[in-house]
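I'm new to this one, so let's take a look together. Could you walk me through it?

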Amino acid sequence: MSATLVAGMTLAEHHALRVRRRAAVMLGLLLALAVVFVADLATGPSGLPWRTVWQGLLAPAQLDEGTRVILWELRLPFALMAVLVGAALGLAGAQMQTVLNNPLASPFTLGLSAASTVGASLAIVTGFTAWGLGPEIALPLCAFGGAAFGALLIHLLALRWGASVNAVVLFGIALMFSFEALLWLLQYLADNALQQIVFWSMGSLGRSTWPKLGVLAVVLVVCALWTQAQAWAMTALRSGEDHARSCGVAVERLRLVSLVRVCLLSGTALAFVGTIGFVGLVGPHIARLALGEDHRFYLPASALAGALMLSCASILSKLVVPGVILPISIVTALVGVPVFMLLVVRHQGGMRA
């Protein structure tokens, strides 16, 4: 029985088959992301045929000046930012759900997004210019500082007071409401800056530039490789803290390091685009339903699912109202909530079957 399975396959053959199936699902997600990425490039107020997009990517010198500017200076940074931000939030949400053992954990539900928005709003209201560097630097800097401050509060609770996982989650939810209240206060006190704060809180990929893409890409690659190196420990943790400790996993250290990475990923991503919700929550659930709890596949799949989800939202934001690009957070909320409810219903149905 231990060497032969019901289907007549050995245990090694069964394991190899499962690995091949998971690799095929990963490849499918990657191909779907590539198709949606090109569709995102082709979509916009001035529509570009797919053939023109493809030719422009391979040989930009053959395009006329106007089309080249639209593709390389506007559409490409916009679409790449959707991929990178979605991947960063998906990976951050997957780690939070694992180390906190809570399916509702994400940078949005635990207050990091709200903290980032408060940081950006403070910069807008006070006119902070980052010691003369300008609002283009000051705004993302303060947004990152807000997210880092929120993550630091969660870290202190987990590290200094030895709080339980449930207490950390509840503290994060309380933190979210506290930062929301601070944001409302800033909006109430703001006069001319109110429109800027509201625009920031709704999220926008239109702030994308090549230097911002470079910074976010470096942070994402470093954190992804760092996280993947601890995939085995995270898989063990999903079986329970006692099981992980019996396997030699330093659970508290793993939880602290993971939350540091979550801060880097979500803080950097939200600093450049504003508040974007539900991607870090729904993306990991899609990956878990498709690939299970093996974190060698679950972590990169969560990043791919997040990137795919935000790229689809980017396309919808340009199609819902012709000629107008809607704030991306409106689309992610409208799409993310029913998708999340559908995933929950299917998961519950699967458990009862």
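Here are some questions and answers about this predicted model.

Me: How many helices and strands does the protein have?
Reply: Going from the N terminus, the elements read α-α-α-α-α-α-α-α-α-α-α-α-α-α. Counted up, that secondary structure comes to 14 helices and zero strands.

Me: What is the radius of gyration of the protein, and what would a compact globule have?
Reply: First, the C-alpha trace spans about 70 × 55 × 35 Å along its principal axes. For 353 residues, a compact globule would come out near 20 Å. The protein agrees with that, since its radius of gyration is 21 Å.

Me: What share of the contacts with a separation of 6 or more comes from residues 24 or more positions apart?
Reply: Some background on the inside of the protein: 49% of its 353 residues count as buried. As for those contacts, the share from residues 24 or more positions apart is 73%.

Me: Are helix 1 and helix 13 roughly parallel or roughly antiparallel?
Reply: Two packed helices are described by the angle between their axes and the distance between the axes. Here helix 1 (residues 11–42) and helix 13 (residues 295–319) have axes 9 Å apart and pack at about 25 degrees. Angles under 35 degrees count as roughly parallel. So helix 1 and helix 13 are roughly parallel.

Me: Is the crossing of helix 1 and helix 13 left-handed or right-handed, and how many nonpolar residues are in the contact?
Reply: The crossing of helix 1 and helix 13 is left-handed. Among the residues that meet are Val 19, Met 26 and Leu 33 in helix 1, and Phe 297, Leu 304 and Ile 315 in helix 13. Three residues of this contact are polar and four are charged, while the nonpolar ones number 17.

Me: Is Thr 67 buried or exposed?
Reply: You'll find Thr 67 in helix 3 (residues 65–99). Leaving out residues up to four places away in sequence, Thr 67 touches Leu 48 and Thr 52. Buried means under 20% relative accessible area. Thr 67 has 16%, so it is buried.

Me: Which residues is Phe 340 in contact with, leaving aside neighbours within four places in sequence?
Reply: Phe 340 lies in helix 14 (residues 328–352) and is buried, with a relative accessible area of 13%. Its C-alpha atom is separated by 8.5 Å from that of Phe 278, which is 62 residues apart from Phe 340 along the chain. With those neighbours set aside, the contacts of Phe 340 are Leu 104, Leu 281, Val 282 and His 285.

How values were computed: Residues numbered from 1 in each chain as written. Predicted model: local features only at pLDDT ≥ 70, side-chain atom pairs only at ≥ 80, totals over all residues. Heavy atoms only, no water. Helix = DSSP H or I, 4+ residues; strand = E, 2+ residues; numbered from the N terminus. Buried < 20%, exposed > 50% of the residue type's maximum accessible area, 1.4 Å probe, protein only. Contact = heavy atoms within 4.5 Å. Axes fitted to C-alpha atoms, helices over the stretch in contact; angles between N-to-C directions. Parallel < 35°, antiparallel > 145°, perpendicular 65-115°, else oblique. Left-handed = near helix turned anticlockwise from the far one by under 90°. Nonpolar A, V, L, I, M, F, W, Y, C, P; charged D, E, K, R; others polar. Rg over C-alpha atoms; globule rule 2.2 N^0.38 Å.
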